[in-house]
Amino acid sequence: IAVFTLISATVAEFGFNILQTLLLYSITVIIGLTILTFVEYPLMLKLFTKMNVVKFFKTQRQVIAVAFSTSSSAATLPVTMDICEKKLGVPNKIASFVLPLGTTINMDGTALYQAVAAMFIAQVYGFDLNLTQQLTIVFTAALAAIGTAPVPGIGLIMLIIVLKSVGVPEEGIALIIGVDRLLDMCRTVPNVIADSLACVVIASSEGELAPMNLDG
């Protein structure tokens, strides 16, 4: 009811065209997350390890399912640790350190979402952001993502910090709150995949990576 009221107030102020704008905003975020997950991550995997990209993503199916359904990196952590140790061949001494740390500070998807959301809200309010302000958004979003707790919905609250850094009204969050749950589910996926990727890269660099066990 509260979200419906917020969306109603938004539509009353900006008109029904804002709904189409919200759709374009959501698509932009999802495209960005897709590029991050299926272009940047495979590239890093190829550069820093000898692991097959397709096989890596096959092992992540269960991790992706839990992350998408719970919108929580913390809730996905036990599954991620199990997959990294039993299927990706990462030793426990590396996985038990890297994954809990990554769950707390490694929020690539959240950082991307916050940057796009801040730019979207600024445009709706008619702010003409210069290059310095845009870079400030990127830098602040990265820092805010590091401090974001791995629980559902918290990224929306941390977005206030990003908006304040460039003087955009934080009331603009009401514009996107109605579609945030779906985007929260989507941005959690690259967050947890990045944790597995970091585990594999570190284990490989230390010469500790065992052969993959896709059947285990």
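Two rings of Phe, Tyr or Trp count as a pair if their centres lie within 6.5 Å. With that cut-off, a search of the whole structure, which is a predicted model, finds 3 aromatic pairs.

I'll begin with one of them. Tyr-25 and Phe-120 form a stacked pair. How far apart are the two ring centres, and what is the angle between the planes? The centres are 4.7 Å apart and the planes are at 25°. Planes under 30 degrees apart count as stacked, which is why this pair gets that label. Look at where the two residues sit in the chain. Tyr-25 belongs to helix H2, residues 17–48, and Phe-120 to helix H7, residues 108–124. They are 95 residues apart, so the pair links distant parts of the chain.

Are these two residues buried or exposed? Tyr-25 counts as buried because its relative accessibility is 3%. Phe-120 is also buried, because its value is 7%.

Staying with rings, Phe-38, Phe-56 and Phe-57 are joined into a cluster by ring pairs. There is also a charge over a ring: Arg-187 lies over the face of Tyr-113, 3.8 Å from the ring centre.

Next, helix packing. Helix H11 covers residues 180–205, and helix H6 covers residues 92–105. These two pack at an angle of about 145°, and their axes are 9 Å apart. The crossing of H6 past H11 is right-handed. On the H6 side, the residues in contact are Ile-94, Ala-95, Val-98, Leu-99, Gly-102 and Thr-103. On the H11 side they are Asp-195, Ser-196, Ala-198, Cys-199, Ile-202 and Ala-203. By class, that contact has 8 nonpolar residues, 3 polar and 1 charged.

H11 also packs with helix H5, residues 73–86. Here the angle is about 35° and the axes are 10 Å apart. H5 passes H11 in a right-handed crossing as well. From H5, Ser-73, Thr-76, Thr-80 and Cys-84 take part. They meet Thr-188, Asn-191, Val-192, Ser-196 and Cys-199 of H11. How does this contact divide by class? There are 3 nonpolar residues, 6 polar and no charged ones.

You will find Phe-4 in helix H1, residues 2–14. Phe-4 counts as exposed because its relative accessible area is 62%. Which residue sits 173 positions away in sequence but 9.6 Å away in space, C-alpha to C-alpha? That is Ile-177.

Methods
Residues numbered from 1 in each chain as written. Predicted model: local features only at pLDDT ≥ 70, side-chain atom pairs only at ≥ 80, totals over all residues. Heavy atoms only, no water. Axes fitted to C-alpha atoms, helices over the stretch in contact; angles between N-to-C directions. Helix = DSSP H or I, 4+ residues; strand = E, 2+ residues; numbered from the N terminus. Left-handed = near helix turned anticlockwise from the far one by under 90°. Contact = heavy atoms within 4.5 Å. Nonpolar A, V, L, I, M, F, W, Y, C, P; charged D, E, K, R; others polar. Phe/Tyr/Trp six-rings, centres within 6.5 Å; stacked < 30°, edge-to-face > 60°. Buried < 20%, exposed > 50% of the residue type's maximum accessible area, 1.4 Å probe, protein only. Lys NZ or Arg CZ within 6 Å of the ring centre and 35° of its normal.
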